[in-house]
Amino acid sequence: MKIAILGFGTVGSGVYEIAKTLKNIEVKKVLEKDLSKINIATDSYDEIINDKEIELVVECMGGLHPAYEFIMKALQNKKSVVSANKAVIAKYLDEFLKTAKENNVEFRFEASVGGGIPCLAGIQKIHRIENIDKFYGIFNGTSNFILDNMYRFENEFVTSLKTAQKLGYAEADPSADIDGYDVTNKVIISFALAYDGFIKNEFPCFTMKNITKEDILYFKKQGFVAKYIGEATTKGNKYEASVMLNLFPINALEANVLSNYNIVTVQSHTMGEVKFYGQGAGKLPTANAIIQDILDAQTKISFNPISIGKKYTYSSNLFKHKYVIRSNEELKGNFEKLDKDGNNLYHYTKEITQTDLLKLVEEKDYLVVKLNEVLV
């Protein structure tokens, strides 16, 4: 199969590197402004679209535009597309799948969630047999690196963030990672495969940047480790989802996921808890997942046909959970416990709904952490 790669950055060059080792994939063109980067580079997308030999396009550009336009044009011209671009997939997945079906081609996106971890394939396999009760996990390596660095070396948030940037784990503008946009996109994509529905960004997303060294040390004394978690579950035609800091007991698997690694858990009746662990990003792990998608598209392997026509409505009253809210002032409310540590007040709620939680915090700059009921 002859393919084209859009973008020759970290992931695009990784795809090229692995593809060179395989006999059944040939990279014919690379869309790249800097033509000196590689001898098969072109700065004309039309040159790729008009090449009848190119059967599949790998989109490694990132961002919404022109990635959206390039993906749609490829599908409309009967070329399959593989992408790791969670931002554009989370927004336009319905359009991509519809256009691919109309043109009898494939749209694949395993690498958009979990990098090199085959968690989307795992979700599809579980879902073809039974309903999925819930999924949750550490979906973002940058946020996990920061929290792990704060916990193990007792650093401040800013110090850990700068270390992540120095090592290439965090961008110069880290907002997508630390404010939860990246995890939100991955929850939306995972939800589509787990529940056959395409939800929008309408569920709570709490930033992790409010956590301090003092918070980490306080939770450590209580036997907890903070992790940044995305999760979703359904009840009938309603769903609940969130992106927020969670506290895990120190002996939980999630508490022991170090550095920039990810772990995604899927719960179902007959399987119980299945956990997918590994490198959630990086040049070669992500490229490996893309190559897997190329090979699956080539042979039309499908773990479970993707259907996202089911309609779900977000509800903030489906389930109740316990939370910890940290502030410098005593909050009004019926709390289970109030703990003082230095100048910080830690309010432990009873089991409450997301509606109740949002009323308590009222968009103020408090630290909000969920007490996770994980099995240990």
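Q: How far does the backbone oxygen of Thr99 lie from a polar atom of the side chain of Asn103?
A: Happy to start here: this is a predicted model, where local features need pLDDT of at least 70, side-chain atom pairs count only at pLDDT 80 or more, and totals for chains, interfaces and linings use all residues. Residues are numbered from 1 along each chain as its sequence is written, and side-chain values use heavy atoms, with hydrogens and water left out. A polar contact is a pair of N or O atoms within 3.5 Å; within protein, one must be able to donate a hydrogen and the other to accept it, and residues adjacent in sequence count only if both atoms are side-chain atoms. The side chain of Asn103 reaches the backbone oxygen of Leu75 at 3.5 Å, and from the backbone oxygen of Thr99 a polar atom of that side chain lies 2.8 Å.

Q: Is Asn103 buried or exposed?
A: Asn103 is found in the loop between helix 4 and strand 6 (107-108); helices (H or I, at least four residues) and strands (E, at least two) are DSSP runs, numbered from the N terminus. Leaving aside neighbours within four places in sequence, Asn103 is in contact (heavy atoms within 4.5 Å) with Leu75, Gln76 and Lys78. Buried means under 20% relative accessible area, exposed over 50% and partly exposed in between, with a 1.4 Å probe and protein chains only. With a relative accessible area of 14%, Asn103 is therefore buried.

Q: What is the phi of Asn104, a residue other than glycine?
A: Asn104 lies in the loop between helix 4 and strand 6. With a relative accessible area of 64%, Asn104 is exposed. Its phi is positive, near 55 degrees.

Q: At what angle do helix 3 (residues 67-76) and helix 4 (residues 86-102) pack?
A: Axes are lines fitted to C-alpha atoms, for helices over the stretch in contact, and angles run from 0 to 180 degrees between N-to-C directions. The axes of helix 3 and helix 4 are 10 Å apart. Angles under 35 degrees count as roughly parallel, over 145 as roughly antiparallel, 65 to 115 as roughly perpendicular and the rest as oblique. Helix 3 is roughly parallel to helix 4 because their packing angle is about 15 degrees.

Q: How many residues of the contact of helix 3 with helix 4 are nonpolar?
A: Helix 3 brings Tyr68, Ile71, Met72, Leu75 and Gln76, while helix 4 brings Val88, Tyr92, Glu95, Phe96, Thr99 and Ala100. Ala, Val, Leu, Ile, Met, Phe, Trp, Tyr, Cys and Pro count as nonpolar, Asp, Glu, Lys and Arg as charged, and the others, Gly among them, as polar. Two of the residues are polar and one is charged, and the nonpolar ones number eight.

Q: What is the handedness of the crossing in which helix 5 passes helix 9?
A: Helix 5 (residues 119-127) and helix 9 (residues 181-195) pack at about 25 degrees, with axes 8 Å apart, so they are roughly parallel to each other. Leu120, Ile123, Gln124 and His127 in helix 5 meet Ile189, Ser190, Leu193 and Ala194 in helix 9. A crossing is left-handed if the near helix is turned anticlockwise from the far one by less than a right angle, and right-handed if clockwise. For helix 5 and helix 9 the crossing is right-handed.

Q: At roughly what angle do the axes of helix 1 (residues 10-19) and helix 11 (residues 283-299) cross?
A: Helix 1 passes helix 11 in a right-handed crossing, and the residues of this contact divide into eight nonpolar, five polar and two charged. The axes come within 8 Å of each other. They cross at roughly 60 degrees.

Q: Which side chain is joined to that of Asp179 by a polar contact of 2.6 Å?
A: Asp179 sits in the loop between helix 8 (175-178) and helix 9, and counts as buried at 12% relative accessibility. Leaving aside neighbours within four places in sequence, Asp179 is in contact with Cys205, Thr207, Lys209 and Tyr228. The side chain joined to Asp179 at 2.6 Å is that of Thr207.

Q: Which side chain does a polar contact of 2.7 Å join to that of Arg152?
A: Arg152 has its place in helix 6 (residues 141-153) and counts as partly exposed at 44% relative accessibility. Beyond its neighbours within four places in sequence, Arg152 is in contact with Leu258 and Ser259. The 2.7 Å polar contact joins its side chain to that of Asp148.
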